[in-house]
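Please consult the sequence and the structure while reading.

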Amino acid sequence: MNTWRIKPLDAILATAEKKPLHRSLGAFQLTMLGIGAIIGTGIFVLTAAAAQKAGPGMMLSFIVAGFVCAVAALCYSELASMVPVSGSAYTYTYAVMGELLAWMVGWALILEYAVAASAVCVGWSGYIMGLIEHATGFALPELLSNGPAWSMNGYMPVADFSHGIVNLPAIIVAGLVTWLLVMGTSESAMVNAILVVIKVTALTAFIVLSLPLLKGENFTPLMPTGLFGHDGLGVIGAAASIFFAYVGFDAVSTAAEETKNPQRNVPIGLIGSLAICTIFYLLVAAGVIGTVGAQPLRDAAGVVLSPDSAAFAAHCKELAAAGNAPIVCSREALAEVLRINGFAQVGNLVGLAASIALPSVILMMIYGQTRIFFVMARDGLLPEKLADVHPKWKTPWKVTIFTGIFVAIAAAFFPVGQLADISNSGTLFAFFMVAIAVLVLRKTDPNRRRPFKTPLIWIVAPLAIAGTLGLYLNLPLVAKLVLPIWGAIGLVIYFGYSRSHSHVGKGLIEVHEDDSDVPPSSVPPIS
């Protein structure tokens, strides 16, 4: 059997033809959709880690990451408009580059969705515990509110349990969200809109209160770790981590088939939402840096510590005991900045906003992962039993529970920065493949109808390829090693099981997404 076999694009497109979408979205609606989808993850969670990696230079990191996202999103949009069905980059790659690469993309998307959900669980844990401690004085023992710190001994990861054993709140929120998804909980558009308003209001309040307090001396030196640092440090290394803050922008591209005049409005929605969010991020970063400073923490020898290392955790603990821990040590950076500057109640409200908004991001990450698994199972590449739909709740309950367990375990034992970096490695690989697929399809099928065409494709796609590859190469060593190791495990599963069970390999070219037993999309796009 040929491992480069493709799932015919015409068969996939039959899905969309059976259920055509109404074009109703304009440029403004798309831009608001993008803003709602992007804001709510990395900016609340990763600001402190980015400051430790790049210092004030993290402002440049936001610009670099936003630019790479923009060119990747333009490539993503062309395929999304041509293949408006379930499966995301996995389906696009299956149609263009064959089953083996599609499997690898689908396998990598586990790092994007499931590991990203774990990262947000850990971020939520930091905010909710900080909020509870400031409101009631209660604090969980450190060993139960932090996972272990991880470091590398050569090429072997080593866990240090002296400052944390398991992140119990992260496990709890992962379990609750999984239970909601199994039960088929849906959320109304009004609730989604309220969540967007809460997040934007929280960031706006932070900006308004912090910007008048800026001190110019806090911005020097601008790049204390340089442009390219070691093991994920430096401006570009921070950009590779900050990339996580933009995950969610593909909500705009996947709406291409429902957009009026997509040739005009999709680029406006993509670039507009990314530009507005980048401005928000820059202003928030300026507020953090200018008010309390954001120089990275160093050891006794003057070496900048990795934000996920045991040495960093130990140093932060010592400084916290002395009452002068820097903002790079905070697990709830934005709320802490406001408290330090005399806005304790507003800081608590910002923490509350993050605590309310972040579970919705976890929900959508786990939901997205189960949908990828579902489509792969329906293609025969995973056991089809995983795609079983619950007779009462009409949800793919088996794969949802499986995903929830995976998310909870990762959230329990890994710090947020490391999880974000690992997630980014899978996301960058998927976007790298999408950019290549757009170029391949332009050559192999130039006459195919494209509701949206990537502008300046021979410039934009190579920039996306180079940008995603460059950010991947600047991830920390652990994150860079995870992708090939994870890929090798995926290849073993593919050649041991998936290749022989593939429906396409058996000549079964089916269109499943419109079947009656497919779980309904009861969870709308949530910011």
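## Disulfide

In this predicted model, a search of the whole structure finds one disulfide. The bond is formed by Cys 316 and Cys 329, whose sulfur atoms are 1.9 Å apart. Cys 316 belongs to helix α14 (residues 310–321), while Cys 329 sits in the loop between α14 and α15 (333–340), so the pair ties together parts that are 13 residues apart in sequence.

The disulfide is left-handed because the torsion about the S-S bond of Cys 316 and Cys 329 is about -80 degrees.

## Burial of cysteines

Is Cys 316 buried or exposed? With a relative accessible area of 9%, Cys 316 is buried, since buried means under 20%. Cys 69 is also buried, with a relative accessible area of 0%. For Cys 121 the relative accessible area is 0%, and this residue is buried.

## Nonpolar surface patch

A nonpolar patch on the surface is formed by Leu 143, Leu 144, Phe 161, Ile 165, Leu 168, Ile 172, Leu 176, Ile 401, Ile 405, Ile 409 and Phe 413, which together have about 920 Å² of accessible area. Two or more residues of the nonpolar patch come from each of α8 (142–145), α9 (168–183) and α17 (397–413). Helix α17 gives the largest share, four residues.

One of the patch residues is Ile 172, which lies in helix α9. The relative accessible area of Ile 172 is 46%, so this residue is partly exposed.

Conventions:
Residues are numbered from 1 along each chain as its sequence is written. This is a predicted model: local features need pLDDT of at least 70, side-chain atom pairs count only at pLDDT 80 or more; totals for chains, interfaces and linings use all residues. Side-chain values use heavy atoms; hydrogens and water are left out. Patches are made of residues with over 30% relative accessible area and no salt bridge: like charges are joined within 9 Å, nonpolar side chains (Val, Leu, Ile, Met, Phe, Trp, Tyr) within 5 Å. Accessible areas come from the Shrake-Rupley method with a 1.4 Å probe; for residues, only the protein chains shown count as cover. A salt bridge is a side-chain nitrogen of Lys or Arg within 4 Å of a carboxyl oxygen of Asp or Glu. Buried means under 20% relative accessible area, exposed over 50%, partly exposed in between (1.4 Å probe, protein chains only). A disulfide is a pair of cysteine sulfur atoms within 2.5 Å.
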